[in-house]
Amino acid sequence: MNDALRAPHRPWWQPGPFQYSKVEMLVMRALFAALLFSSIKWETAPYKTQRNPTGLAHFFDFTWLSQHPPGFIWQAITVVGLVIYVLGFLPAIGLAPICAFAVMIGTLVTSKAMHHSWQAITLIALAQFIVYAWAARKGGFFRPSIEVHRLATWWSTVVFAAAYVVCGIVKLVNSDFLWIHKVPYLSVQLLKSNWSSYYDTLQPVASWLPKVTQAIVDYPNLARLFFGAGLLVELLGFVVLINRKWAFWGGLAIIGLHLSISKVMDLHFEVHMGLAFIFLVNISGIGRMRRGEP
Amino acid sequence: MKEKLPAWLIKAWEKTPFREMTLLVILLYVIKEQFPFSNFPMYSNFDTEADVVFIADQKGSPLPMDDVFRSGSSTAKKAYKKELGKILNPQKRDTKLSTLAERQQAGAIVLGDWHENMKRDRLPAGTTGIRLYRRTFELKDDGKLADDTPELLAEKPL
């Protein structure tokens, strides 16, 4: 039966899983597995304390990881797990090692000082693990159905969208809904983030930095328009769930947002761009998107 | 499971737009920063000042933090702010109202941590000590951007 006929009708504001093909989801799983593995900070030796505990670090001590960083054997087990996950067999088992390491290492690293590079990707891995584990209870343990794979992929986009929407809401609330008004103050944040990068590497700050930061102060409304567009992309992050076209264009908007942040603030969110590329732009589904398939 | 829930709750759930995502947004907002959960509060509020912390040699010349300490300036700044917050927390004071002595107390803890992870072979020749500085950028009332002389927070001989 045609996917368009099989897809249940839902109002646009209550969307459900897209009718991804097996090939699309195979590509997504392969790219996601590579991104997830490469995003983990396997070099855990520098993290000897949990001085500022977060998450499970309130209950468990993960500093043993600094004495015994996961070596070749553990990483090999993780890779084997990811391979069977990519192939679509035993995905709950396959994801278990990488989820465990992502949570433990992420908790240890962020218990030294908070970072925001790993939360979204770890939550997506956990969401997929829960979907596959849940399906396993109903008999899809060894080889889940295509609907289960679609659900796991869908939850990945739900988590990703939620991360952006909550980020936008927090900006409004924490600034007493004055975020747009305060945009000229971002000029000092730009100085801070660029000089912070300088102290990391001693690579000179961009020559345009003084001019751009002063321009933000001198032309505040232009700056509000520019940075306000970024806030809008975050607040409207939920649109990527509506259909393939919204996901594609929303994904490109998010990548564009991060590229502009990389350029202007020297803050790099490669993992987030990678996630947007994998689950929203969905390179192997562009043909289906153009044909208007669900 | 659905049968055990009150009817009004099921009805509300069915009418909620983007319901799974909305529920997750609420959870992330409430849980805040508990890895892997986060409400992603970066750059959610800012004012006319922003500061960076960096590590330099005994003369005040910056050292490449990624290379020497395997952890960069923004991580050091976050750790410093956390430590300063802990010092000020009993009185629930704003970090902006901290004294130099309190800032130096927090700075000494951070420099101690970073010193532990230092790769000595990556230090430039002739380095005999390390110093932690705080540099503040400010938007002045006249609309001009300025930055003060970096403040020395801690130092450690090698």
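1. Chains A and B touch through 52 residues of chain B and 52 residues of chain A. The model is a predicted one.

2. On chain B, several elements each supply at least two residues to the side that touches chain A. The helices are α2 (19-31), α3 (65-69), α4 (73-88) and α5 (100-116). The strands are β1 (49-57) and β2 (129-139). With seven residues, α2(B) gives the most to this side.

3. What is the make-up of the side of chain B that touches chain A, by nonpolar, polar and charged residues? It divides into 25 nonpolar, 13 polar and 14 charged residues.

4. Chain B is divided into domain 1, residues 1-45, and domain 2, residues 49-157. Taken over C-alpha atoms, the centres of these two domains of chain B are separated by 38 Å.

5. Now a helix pair within chain A. Two packed helices are described by the angle between their axes and the distance between the axes. For helix α5 (residues 91-110) and helix α6 (residues 119-137) of chain A, the axes come within 9 Å and cross at roughly 145°. The crossing of α5(A) past α6(A) is left-handed.

6. Which residues make the contact between α5(A) and α6(A)? From α5(A) come Pro91(A), Ala92(A), Leu95(A), Ala96(A), Ile98(A), Cys99(A), Ala102(A), Val103(A) and Gly106(A). From α6(A) come Thr122(A), Ala125(A), Leu126(A), Gln128(A), Phe129(A), Tyr132(A), Ala133(A) and Ala136(A). By class, this contact of α5(A) with α6(A) has 14 nonpolar and three polar residues, and no charged ones.

How values were computed:
Residues are numbered from 1 along each chain as its sequence is written. Chains are lettered from A and ligands numbered from 1 in the order in which they are written. This is a predicted model: local features need pLDDT of at least 70, side-chain atom pairs count only at pLDDT 80 or more; totals for chains, interfaces and linings use all residues. Two residues are in contact if their C-beta atoms, placed from the backbone, lie within 7 Å. Helices (H or I, at least four residues) and strands (E, at least two) are DSSP runs, numbered from the N terminus. Ala, Val, Leu, Ile, Met, Phe, Trp, Tyr, Cys and Pro count as nonpolar, Asp, Glu, Lys and Arg as charged, and the others, Gly among them, as polar. Axes are lines fitted to C-alpha atoms, for helices over the stretch in contact, and angles run from 0 to 180 degrees between N-to-C directions. A crossing is left-handed if the near helix is turned anticlockwise from the far one by less than a right angle, and right-handed if clockwise. Domain bounds come from an automatic or database domain assignment.
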